[in-house]
Amino acid sequence: MDPSTYDIYLANGNITVFLGDQGKEFKKDILNSSLLGELVSTSKTPNSREQLFSDYVTTVSKLGWVEKSRAFRHSDFSNISLLETVEAGIGTSLTKEAKQALLNAFLQLKKTPTQSPVLQHILDKLQVNAFTPSIDTGDVPSTKKPVATSIRLTIVCKNASIITLQVAFKTKAGISIDILDQPVLNSIKDGKSNMWLLVSTLDAREYDKVRATVLKKIGNRIHTDLLHVPVPTRLG
């Protein structure tokens, strides 16, 4: 796979990266169903990380996403970037070439002009997801408390496998775009799961049955909550 081949979207502030050349209609189906899963899950339990992921998985499973595996765990990490956290959470699910494409995608996100709505959507999502951990043993100045938040990232591989990772973390530097690639993330010391992973595929025949319903339910949000991130034009 050409590591330069990738495409980036935001679904209600959550990052979706397509690796390799994917069909336009396939991308729409993934994005629309993912957006509905996001809207349903956040409308039910916005303050519970575990239930948030569970409700999301339950919703997309009804839309033709076929679960291959699911896992959740607590991971201890200190002073790493979101990209490094994602790589640790996914483990061996990505090839070397796919990891390079993911790196390129993150670098492209960081290059997005500061006035672009793309960055604001990511920051808004991190802010909305902010929560207060039940236990926080971080040593920080009293004038600047750490911010705990979470984000969900979806990676659609060249073979159409869908990897969904939700990560919870805290950062002493507050919520900023540096979370993407700077070593500012730390694990929350509460003993709870902070990584939730789903590997699935989309059953096109099953999704065909609900496509019209999905479009009706997300309505105008398809125009306001789905953003395409410009990527460099590939030559040749």
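Which residues is Thr149 in contact with, leaving aside its neighbours within four places in sequence? Leu126, Asn129, Ala130, Phe131, Val167, Ala168 and Phe169. Contact here means heavy atoms within 4.5 Å.

A word on the ground rules. This is a predicted model, where local features need pLDDT of at least 70, side-chain atom pairs count only at pLDDT 80 or more, and totals for chains, interfaces and linings use all residues. Residues are numbered from 1 along each chain as its sequence is written, and side-chain values use heavy atoms, with hydrogens and water left out.

Back to Thr149. It lies in strand S4. Helices (H or I, at least four residues) and strands (E, at least two) are DSSP runs, numbered from the N terminus. Thr149 has 0% relative accessibility, so it counts as buried. The cut-offs: buried is under 20% relative accessible area, exposed is over 50%, and partly exposed is in between, with a 1.4 Å probe and protein chains only. The side chain of Thr149 also reaches the backbone oxygen of Leu126, at 2.5 Å.

Now the strands. Start with S2, residues 14-19. Six of its six residues are buried, so S2 is largely enclosed by the rest of the structure. Both faces are covered. On one side sit Asn14, Thr16 and Phe18, and on the other Ile15, Val17 and Leu19.

What does S2 pair with? Strand S1, residues 6-11, pairs with S2 in the antiparallel sense over six bridges. Two strands pair if DSSP finds at least two bridges between them. Ala11 has Asn14 of S2 as its bridge partner. S1 and S2 form a hairpin, with two residues between them. In that turn, Asn12 has a positive phi of about 55°.

S2 also pairs with S4, residues 147-156. Here the sense is parallel, over four bridges. Val17 stands opposite Ile155 in S4.

Cys157 has 10% relative accessibility, so it counts as buried. Which residues does Cys157 contact, leaving aside its neighbours within four places in sequence? Leu19, Gln22, Leu94 and Ile163. Then there is Thr201. Cys157 and Thr201 are 44 residues apart in sequence, and 10.0 Å apart in space, C-alpha to C-alpha.

Next, helix H4, residues 96-111. It has 16 residues. The expected span is 1.5 Å times one less than the number of residues. For H4 that should be 22 Å, and the end C-alpha atoms are 23 Å apart, which agrees.

Which residues of H4 are buried? Ala98, Ala101, Leu102, Asn104, Ala105, Phe106, Gln108 and Leu109. Their cover includes S1, S2 and S4. It also includes helix H3 (82-90), helix H5 (117-128) and strand S7 (226-229).

One is Ala105. Its relative accessible area is 1%, so Ala105 is buried. Leaving aside neighbours within four places in sequence, Ala105 is in contact with Tyr6, Ile8 and Val17. Ala105 and Val231 are 126 residues apart in sequence, yet 8.2 Å apart in space, C-alpha to C-alpha.

The other is Gln108, also found in H4. Gln108 is buried, at 14% relative accessible area. With neighbours within four places in sequence left aside, Gln108 is in contact with Tyr6, Ile8, Pro230, Val231 and Pro232.

Last topic: rings. How many aromatic pairs does a search of the whole structure find? Two. Rings of Phe, Tyr and Trp (its six-membered ring) pair if their centres lie within 6.5 Å; planes under 30 degrees apart count as stacked, over 60 as edge-to-face and the rest as tilted. Tyr9 and Phe18 are both buried.

Then Tyr56 and Trp65. Their ring centres are 6.3 Å apart and their planes at 90°, so that pair is edge-to-face. Tyr56 is buried, and so is Trp65.

The charged end of Lys27 sits over the ring of Phe18, 5.6 Å from its centre. To count, NZ of Lys or CZ of Arg must be within 6 Å of the ring centre and within 35 degrees of the ring normal. Arg152 lies over the face of Tyr56, at 4.0 Å from the ring centre.

Conventions
A polar contact is a pair of N or O atoms within 3.5 Å; within protein, one must be able to donate a hydrogen and the other to accept it, and residues adjacent in sequence count only if both atoms are side-chain atoms.
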